[in-house]
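Here is a short report for someone meeting this structure for the first time. Please keep the sequence and the model in view while reading.

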Amino acid sequence: MSEVRRDPTTGDWIVVAPRRLERPWQPESFCPFDPGAPETGYGWDVLILPNRYPVVSPEAPAPQTDGFYEAVRAYGRALVVVETPEHNLDDLSDLPREQIERVLRMVRDEMARAASDPGVLYFLYFRNKGREIGVSLTHPHGQIYELPVVPERVARELERAEEYWRGRGRCLHCDVVARESASGRALLRGAYWAAFVPYYARWPHEVHVYPLRHVQLLTQLGDGELAELAGVLKAVLCALKNAVGKPMPYMMVLHQAPLRGDHRYYHLHFEIYGMYRPDGRLKYAASAETGAGIYTLDTTPEDAAERLKKALASCPRGIS
Ligand code: UDP
Ligand code: ZN
Ligand code: FE
């Protein structure tokens, strides 16, 4: 079964989950997320299912440790967010805005549940899009990992934000949003949300989406904020799809605070990594990126923003 091990040299957490190997790989004839499949039934529009090949689970055994290495019980829940009964839709952006809003509300409800479980420390919500980057099932879906540890990249962001807050008495992310919104990299700004290509983008078409209100957790967002977020995500993902002439594979990750502790200095946001370069070739995170953590960009964030703004013009307006 799974266990969560820590790399003592970097602080990274690794979930060792050998049972994941058994999951079906891009099956042709049968989709477990279609209506009428054994776990789905009928009469739903959004469904949150337990992942059948979970990385973490409530039954995870105590980890084996030798006292030198750090390991944590792989306690938690892995869930699949089936976003629509319609198997053949390509992307979240192809759903009506109201349906995306339903998806977001379900995720928020699930997070409220997770927050009452003392064994869960972090609620990771993400979405992979595109066979090119290895999604195993193409039926539109997102995923949730309810984890016993804080992912290291988020932990680093927390540290930087706390340092800034201590030093200047302000939110680093609020300052970033103000800068970016006033720049040529701004894509959208509504009553509640801003979307932009950050100055520091690591991927060829990277978009960050921020609530204008300084909040740390998805559960702090109100219905109006979720409604607009649905429109903003629809517009941004549509722009990504149209940016280089063929549907762009992407990864979308929610960065939020851990479920416990005082993190008032932090500011939640979505990061979306569009992985095609302007020429439609896939950008790989290879040695420099994966091995050393230094990203090289074959384009500029400013260029990417121009391309995305053009693509946005033929997308549904995300915000009224
Ligand atoms: N899965 C499931 N029930 C099934 C078949 C697959 O819950 O009957 C899960 C599978 O474990 C996988 C997810 O559906 O985690 C599909 O996820 P995705 O393609 O986004 O990426 P993956 O998690 O495979 O890397
Ligand atoms: Zn802030
Ligand atoms: Fe972030």
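In which strand does His 255 lie? His 255 belongs to strand 11, which covers residues 250-255. This is a predicted model, so every value below is computed from predicted atoms.

**His 255 and its partners**

His 255 is buried, with a relative accessible area of 3%. The side chain of His 255 makes a polar contact of 3.0 Å with the side chain of Glu 157. A polar contact of 3.0 Å also joins the side chains of His 255 and Glu 271.

**Around ligand 1**

How many residues surround ligand 1? The number is 15, and the closest are Arg 23, Asn 51, Ser 136, His 141 and Gln 143. By class, this shell has 7 nonpolar, 5 polar and 3 charged residues.

Some of these residues place polar side-chain atoms by the ligand. Asn 51 has a side-chain N or O atom 2.6 Å from an oxygen atom of ligand 1. For Ser 136, a polar side-chain atom lies 2.6 Å from an oxygen atom of ligand 1. In Gln 143, a side-chain N or O atom is 2.8 Å from an oxygen atom of ligand 1. On its own, ligand 1 has 520 Å² of accessible area, and the protein covers 93% of that.

Arg 23 is partly exposed, with a relative accessible area of 27%. Arg 23 and Pro 211 are 188 residues apart along the chain, and their C-alpha atoms are separated by 36 Å.

**Helix 4**

Helix 4 runs over residues 223-243 and has 21 residues. At 1.5 Å a residue, helix 4 should span 30 Å.

Why is helix 4 described as largely enclosed by the rest of the structure? Because 18 of its 21 residues are buried. Just after helix 4, Gly 245 takes a positive phi of about 90°.

**The disulfide and the cysteines**

How many disulfides are there? The count comes to 1 disulfide. Cys 238 is joined to Cys 315, with an S to S distance of 2.0 Å. The torsion about this S-S bond is about -90°, so the disulfide is left-handed. Cys 238 lies in helix 4, while Cys 315 lies in the segment after helix 6 (301-312), so the pair ties together parts that are 77 residues apart in sequence.

Are these two cysteines buried or exposed? Cys 238 is buried, with a relative accessible area of 11%. Cys 315 is buried too, at 9% relative accessibility. The cut-off for buried is under 20% relative accessible area. Two further cysteines can be described. Cys 171 counts as buried, at 6% relative accessibility. Cys 174 is partly exposed, with a relative accessible area of 28%.

| Residue | Loop | Relative accessibility | Second residue and C-alpha distance |
|---|---|---|---|
| Glu 83 | between strand 5 (77-82) and helix 1 (97-115) | 0% | Arg 102, 8.7 Å |
| Val 120 | between helix 1 and strand 6 (122-129) | 0% | Trp 193, 28 Å |
| Met 248 | between helix 4 and strand 11 | 1% | Leu 268, 25 Å |

Glu 83 counts as buried at 0% relative accessibility. In sequence, Glu 83 and Arg 102 are 19 residues apart. Val 120 also counts as buried, at 0% relative accessibility. Val 120 and Trp 193 are 73 residues apart in sequence.

Met 248 counts as buried, at 1% relative accessibility. Met 248 and Leu 268 are 20 residues apart in sequence and 25 Å apart in space, C-alpha to C-alpha.

Conventions. Residues are numbered from 1 along each chain as its sequence is written. Chains are lettered from A and ligands numbered from 1 in the order in which they are written. This is a predicted model: local features need pLDDT of at least 70, side-chain atom pairs count only at pLDDT 80 or more; totals for chains, interfaces and linings use all residues. Side-chain values use heavy atoms; hydrogens and water are left out. A residue is near a molecule or strand if one of its heavy atoms lies within 4 Å of it. A polar contact is a pair of N or O atoms within 3.5 Å; within protein, one must be able to donate a hydrogen and the other to accept it, and residues adjacent in sequence count only if both atoms are side-chain atoms. Accessible areas come from the Shrake-Rupley method with a 1.4 Å probe; for residues, only the protein chains shown count as cover. Ala, Val, Leu, Ile, Met, Phe, Trp, Tyr, Cys and Pro count as nonpolar, Asp, Glu, Lys and Arg as charged, and the others, Gly among them, as polar. Helices (H or I, at least four residues) and strands (E, at least two) are DSSP runs, numbered from the N terminus. The expected span of a helix is 1.5 Å times one less than its number of residues. Buried means under 20% relative accessible area, exposed over 50%, partly exposed in between (1.4 Å probe, protein chains only). A disulfide is a pair of cysteine sulfur atoms within 2.5 Å.
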